[in-house]
Amino acid sequence: MADTSDTRTPAQIEADIKRRREVLAETLDEIGVRVHPKTIVGDAKAKVVANVDQTLGRAYVQVNRVVSDVRARFVDDEGAPRLERIVPAALVVVGVVGLLALGARRRGD
């Protein structure tokens, strides 16, 4: 059998009840704030912003890596241009632009 004897005085019991009511009131206030629509929208916006920031950070790192790789291919260690790589790439770009211009001209006729 469980021991049902309580050695607390009525004043102690009342103080415990008062303390528990205060804790419960604080908890209910927290719940009210957490489920408030403005709080939910604010939390959702913060998560979206954090995800966008993280995605942009990753994209920046990736773009920076690609630019560094391209630069390393067209510039030597001293910073001088590598003409043996620049000239063929420029010819390819000019050829592609020329083909696009011819294609656009033929569609216009």
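Analyst: Leu24, Leu28, Ile31, Val35 and Ile40 make a nonpolar surface patch of about 470 Å². The model is a predicted one. Helix H1, which covers residues 10-34, gives the patch its largest share, three residues. Val35 sits in the loop between H1 and helix H2 (37-74). Val35 counts as exposed because its relative accessibility is 52%, and the cut-off for exposed is over 50%.

Helix H1 also carries charged side chains that pair up. The structure holds three salt bridges. One of them joins Glu30 and Arg34, with an N to O distance of 3.6 Å. Both residues belong to helix H1 and are four residues apart, about one turn of the helix. Glu30 is partly exposed, at a relative accessible area of 45%, while Arg34 counts as exposed at 58% relative accessibility.

Asp16 takes part in the other pairings. Asp16 forms a salt bridge with Arg8, and the closest N and O atoms are 2.3 Å apart. Asp16 also forms a salt bridge with Arg19, where the closest N and O atoms are 2.4 Å apart. Asp16 and Arg19 are three residues apart in helix H1, so about one helical turn separates them. Together, Arg8, Asp16 and Arg19 are linked in a network of salt bridges. Asp16 has 18% relative accessibility and therefore counts as buried, since buried means under 20%.

The protein chain has three helices and zero strands, and along the sequence its pattern reads α-α-α. Its radius of gyration is 35 Å, well over the 13 Å that the globule rule gives for 109 residues, so the chain is more spread out than a compact globule. Along the principal axes, the C-alpha atoms fill a box of roughly 95 × 50 × 30 Å. Of the 109 residues, 1% count as buried. The chain exposes about 10100 Å², and carbon and sulfur atoms supply 62% of that area.

Key. Residues numbered from 1 in each chain as written. Predicted model: local features only at pLDDT ≥ 70, side-chain atom pairs only at ≥ 80, totals over all residues. Heavy atoms only, no water. Patch = residues over 30% accessible without salt bridge, like charges linked within 9 Å, V, L, I, M, F, W, Y side chains within 5 Å. Areas by Shrake-Rupley, 256 points an atom, 1.4 Å probe, with all protein chains shown as cover. Salt bridge = Lys/Arg side-chain N within 4 Å of Asp/Glu carboxyl O. Helix = DSSP H or I, 4+ residues; strand = E, 2+ residues; numbered from the N terminus. Buried < 20%, exposed > 50% of the residue type's maximum accessible area, 1.4 Å probe, protein only. Rg over C-alpha atoms; globule rule 2.2 N^0.38 Å.
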